[in-house]
Amino acid sequence: MTIPSRDTLPLAGVKVIDFGQYIAGPAVAMILGDLGATVVHIDPPGGPMWQSPANATLNRNKMIVTIDLKSEEGVEQAKALIAEADIVVENFRPGKLAKLGIDFAELRQSQPDLITVSIPGFASADEERRELRAYESVIAASSGVFTDMGLNRVLMGVNPSFSPLPLASSYGAMMAASAAVLALQARERTGLGDQIEVPLASAVMEGLCYNSIKIDGLPERYITQREQEITRRRTEGLPMNVTYEELQELLDPFYRSYLCKDGRMFYVVCPSHKTHAKRCLQTLGIYDDLVAEGLQEEDDTYKPTSEWSSDVSLGVYPLPKFWADKIAAKMKEVFITRTAKEWERIFGRNKFPGAPQRWLQEWINDDHAETSGLMIDVEDPEYGMMIQPGPVVWLEESGEAALYPIPRRWVDVSSALAQLKKQRTKLPRVTDPNDWSGWLEGIRVLDLCNVIAGPHSVSYLARFGAEVIKLDPSKPMYDAWNTVIFGMSHMRGKKSVLTDITSEHGRQVFEELVKSVDVIVWNAPDNQIKAMGLDADNLARLNPDAIFCKLDCFSGVRRGPRTDYVGYDDLVQATTGIMLRFGGLMSEPEEHAHVGTIDVMCGFGGALGVATALYQKLKTGKAGRGRTSLSANSGLLQVPFCYDYTGRGLFDEPSGRYVNGYDALSRFYYTASGEYLLLSTYEKDIGRLEAIEAFAGLSALPHEEREGFLAGVFANDTSAAWLEVLRANDIGAAVCDNIDALRAAYVRTPDGTPGIDRGSYSFSVYEDHPSGHTVTQLDPFAVRPTRSAVNMMDPAEKYGASTRSVLLELGYNETDIDVMLQNGSISETWSKEYLPS
């Protein structure tokens, strides 16, 4: 077999210097390398700061050089490499590289085309935290990741709750990689680079934006059974001590796991869609019985519930408890009759979402993962043949080449420099050295997406100047919980148009929009793309210059057995082992707590696909098709343990609801102030901890005795006192904060700016939100360019609010529009109320 040339990859010829350590920085450079960039990774004498087999993945497609940045010679070597580079990546504390003599602002004076990307733990503008030792868990604890971690954990009284997923590094890496390539494609027009900061604390907050939104006066119809139970227990002063079994009976029947014949749990995710729940019940053979018992389907669920014909409508989330219990009981009886694998095929082929619970080890060796390129073989010089996660983002036309990465290799500095000098970068002439426009100014995007990942990717593009038109059906396919509430986050900065593209005139409007834009984004499987006429051949007839980006659930570079299966974030959590790790047992899987665990990161991946295709088009004239998937992003999200090779140790990363951390040096401890304090340090730094009198003798203790010793020490004083002592000795530590407290502490009145000049956290409260509710939500502030503009996006308008104005722009007259409104080809609203009550 002939291996495709890396020269076909979209970032071929782009040169990257990677100073990164641990996960975030190396991951950015890995993603750029998978897209074809030439990458030089710099390690200090003695090797990487984090010794892990995961480095084999993070450093593939890289030349690794050893440089002592604390020496004058080392700094000069680093500067020589940077002089040949297009992009430089680092993830140290703010100002650390500059103190060593590598000052990005200074370098860009002589290299205005240079793109620098800094990924500190906390923002350089965060005076309180910028100097902290910002390990992954410290950022997570400080940003509310471990606290109130989902409704399940609150009800079970497990708070805080530890997760080993590197959320901050994963979100930060995807945002930083997309920002780097957005700046790169903008450079093709302006000749100018940029200096970019992406604080990991800010990135993880953006990942949790769907959790951090606060809607005052949220109607009761959107309050789930679990939320109602939390409120009841708090009001009545009852403890949060719900058992796992009791918790299951508070879950929606279309949003939970069921036991199958083979003892494996099967996760069903069919809520809030007009047909998924119905098809599920019909396929299970229980639909007719439930209808006979009174189950109804409201034709228009966007009416206030007071106008419904009954108290229930199939396809709406959440269902009333009476019907939730009745449906779940019948579903349990049916699921036990077949194996989970059988149900997976039945659900997938009938086009509604469900998947077996699998362990990560199973997923790494799964047939679909291998066939599709979601898992790939790499011959590593240290570990031999490894299974590693495949590329996170690729272009449809060249993705095959990304499945054959070059294993990491160690070279001397002169060899790396010679390799960089072989590739000459041709840049456009700088026409305006004072260009402050956004990276996507003048780019028009058509958003055909739904739920979270797809529409979030396009909302992210809007902050950099893209004009976005969001197209949805005239009659909604999802209920208001899914569209309107989620849309308050991902509809910001967009014009909303409602069209029935299955009708003659609606299809015409759709095709006119396709012809009018530069970029089209849709999250759907391949079979739906072809049916809608958006495959490469059909799109070329409508708009040959358009860039098309596709996100879906299970795709890899190649087609696999489950490529066309529909699904959501939760299904990928089940498929790739995230739920079983979080729950701890096959019999007790739990969804990883936060909405958007993979969805939002995949959204940033979609934006990277768009940016990469735009760059390729500007560089070569070819309009490529960007691709990513929830499953592809799950590999990055689990990169510390997502690999396999002969002789690999146990898959024993922390799991289960009662785990408090990795080991005695990195876990939660209860203090005298009644709070949980996170200690986060490494064995190599234990001497720094022992220098504090209270911890003397720690290293002499057997490992199994350390936890008890430290627990006794921390119980003797308050969290505040310990933080002062630990941080004074440069030891990683944090009190487990929560999102509500962060929102209250860092909220502001909107002033038209995106918050990129603020610290690590920034929220705005919209008292005049178009919904009529007071809404507090996160600012678009995690990507902080020095030169280019970032827009503060307007609050989400009501669905359909721009239908008329956009059609007028397309050349339709008022009479045409009125006729189409009357025959249902288009619509200007789904409901009387912005948020149906």
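## Strands, sheets and a buried helix in a predicted model

Strand β18 and strand β19 (residues 547–552) pair in the parallel sense over five bridges, where two strands are said to pair if DSSP finds at least two bridges between them. Helices (H or I, at least four residues) and strands (E, at least two) are DSSP runs, numbered from the N terminus. This is a predicted model, in which local features need pLDDT of at least 70 and side-chain atom pairs count only at pLDDT 80 or more, while totals for chains, interfaces and linings use all residues. Residues are numbered from 1 along each chain as its sequence is written, and side-chain values use heavy atoms, with hydrogens and water left out.

**The protein as a whole**

The protein has 35 helices and 30 strands. Its radius of gyration, taken over C-alpha atoms, is 26 Å, close to the 28 Å that the globule rule (2.2 Å times the number of residues to the power 0.38) gives for 837 residues, so the protein is as compact as a globular protein of that length. Along the principal axes, the C-alpha trace spans about 80 × 65 × 60 Å. Of the 837 residues, 62% count as buried, a term that means under 20% relative accessible area, with exposed meaning over 50% and partly exposed in between (1.4 Å probe, protein chains only). Contact means heavy atoms within 4.5 Å, and among contacts between residues at least 6 apart in sequence, 77% join residues at least 24 apart. The accessible surface of the protein comes to about 30000 Å², of which 49% belongs to carbon and sulfur atoms; these areas come from the Shrake-Rupley method with a 1.4 Å probe, and for residues only the protein chains shown count as cover.

**Strand β18 and its partners**

Strand β18 covers residues 519–523, and five of its five residues are buried. Both of its faces are covered, with Val519, Val521 and Asn523 buried on one side and Ile520 and Trp522 buried on the other. Besides its pairing with β19, β18 is joined by three bridges to strand β15 (residues 444–447), and these two strands run parallel. Ile520 takes part in both pairings, as the bridge partner of Leu446 and as the residue opposite Phe548 in β19.

An open sheet of eight strands has the order β14-β3-β2-β1-β4-β5-β6-β29, with mixed pairing. Its edge strands are β14 (409–410) and β29 (784–785), each of which pairs on one side only. Within this order, β5 (residues 115–118) and β6 (residues 194–197) run parallel and are joined by four bridges, with Asp194 in β6 as the bridge partner of Ile115.

Helix α8 (residues 167–190) lies across β4 (87–90), β5 and β6, running at about 165° to β5; the axes are lines fitted to C-alpha atoms, for helices over the stretch in contact, and angles run from 0 to 180 degrees between N-to-C directions. The helix has 24 residues and reaches 34 Å from its first C-alpha to its last, close to the 34 Å expected at 1.5 Å a residue, the expected span being 1.5 Å times one less than the number of residues. Because 23 of the 24 residues of α8 are buried, the helix is largely enclosed by the rest of the structure. After α8 comes Gly191, whose phi is positive, near 80°.

Strand β24 (residues 676–680) is mostly covered, with four of its five residues buried. Antiparallel pairing joins it to β23 (residues 666–670) over five bridges and to β25 (residues 732–735) over four bridges. The hairpin of β23 and β24 has five residues between the strands, and there Gly674 takes a positive phi near 80°.

A further open sheet, of three strands, has the order β11-β12-β21 with antiparallel pairing, and its edge strands are β11 (375–380) and β21 (644–645), each pairing on one side only. Strand β12 (residues 384–389) pairs with β21 over two bridges.

| Residue | Partner |
|---|---|
| Tyr670 | Tyr676 in β24 |
| Ile387 | Asp644 in β21 |

Ser52 is found in the loop between β2 (38–43) and α2 (54–58), and Ser52 is buried, with a relative accessible area of 11%. Leaving aside neighbours within four places in sequence, Ser52 is in contact with Tyr383 and Pro640.
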